[in-house]
Amino acid sequence: MTPSARYATVATPPGPFTVVVAPGPDGGDVVLAAGWTGDVAELLPVVHRALRPTWVERVEHLPVLDVVEAHAAGDVGAIDTVPVRQRSGPFLEDAWEVLRTVPPGQPDTYAEFAARCGRPSAVRAAANACARNAAALFVPCHRVLGSDGGLGGFRWGTPVKRWLLDHEAAHAPVPVDA
């Protein structure tokens, strides 16, 4: 267990965004959980039991919230280097790392995401990786769509997912090969 963690909330266009952080090995913060809620109690159950803090302290501000605000202001790549700590089995942990390679403005389908993970037939497992992601935004599971091109699910609601996809499409860097 993580002995202690801190959390803070910031206003974003789709609603309040709360992040839970713990000290990382280099002394900086690592994100344990994040999502569009003003209630930290909604985030703690999604943190793996081996990482779940024994207590959390509310603080007024965390440096990672500057990154959230930069993303909301249009710097959609700002989230790319935020340290995140999640635990599960090997496939899920690998899939969460792969999610961080899906470019903003260029969402994958679940089938494409499964192929990106090296397991093209594991579409359900890829969808499960999105569903079990505790670090929303920083591990951008919102960038994966249903195989029919529909939004699919999102823990924080499809209106939030739609806003994120539209926002990132409007602010994503133009691909070099375009």
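Thr 109 is buried, with a relative accessible area of 17%, where buried denotes under 20% relative accessible area, exposed over 50% and partly exposed in between (1.4 Å probe, protein chains only). Thr 109 belongs to strand E5 (residues 108-109); helices (H or I, at least four residues) and strands (E, at least two) are DSSP runs, numbered from the N terminus. Apart from neighbours within four places in sequence, Thr 109 is in contact with Val 144, Leu 145, Gly 146 and Ser 147, contact being defined as heavy atoms within 4.5 Å.

The model is predicted: local features need pLDDT of at least 70, side-chain atom pairs count only at pLDDT 80 or more, and totals for chains, interfaces and linings use all residues. Residues are numbered from 1 along each chain as its sequence is written, and side-chain values use heavy atoms, with hydrogens and water left out.

**Salt bridges**

A salt bridge is a side-chain nitrogen of Lys or Arg within 4 Å of a carboxyl oxygen of Asp or Glu. By this rule the count is five salt bridges, among them the following.

| Pair | N to O distance |
|---|---|
| Arg 6 and Asp 29 | 2.3 Å |
| Glu 168 and Arg 143 | 2.8 Å |
| Asp 166 and Arg 162 | 3.1 Å |

The side chains of Arg 6 and Asp 29 meet in a salt bridge. Arg 6 lies in strand E1 (residues 2-12) and Asp 29 in strand E3 (residues 29-35), so this pair ties together parts that are 23 residues apart in sequence. Both partners are partly exposed: the relative accessible area is 27% for Arg 6 and 24% for Asp 29.

Glu 168 forms a salt bridge with Arg 143. This pair links distant parts of the chain, 25 residues apart, with Glu 168 in helix H5 (residues 158-171) and Arg 143 in the loop between helix H4 (123-131) and strand E6 (144-145). Glu 168 and Arg 143 are both buried.

Asp 166 and Arg 162 are four residues apart in helix H5 and are therefore separated by about one helical turn. Asp 166 is partly exposed at 42% relative accessible area, and Arg 162 is likewise partly exposed at 38%.

Strand E3 is mostly covered, six of its seven residues being buried. Strand E2 (residues 15-23) pairs with E3 in the antiparallel sense over six bridges; two strands pair if DSSP finds at least two bridges between them. Pro 23 stands opposite Asp 29 in E3. E2 and E3 form a hairpin with five residues between them, and Gly 27 in the turn has a positive phi of about 95 degrees.
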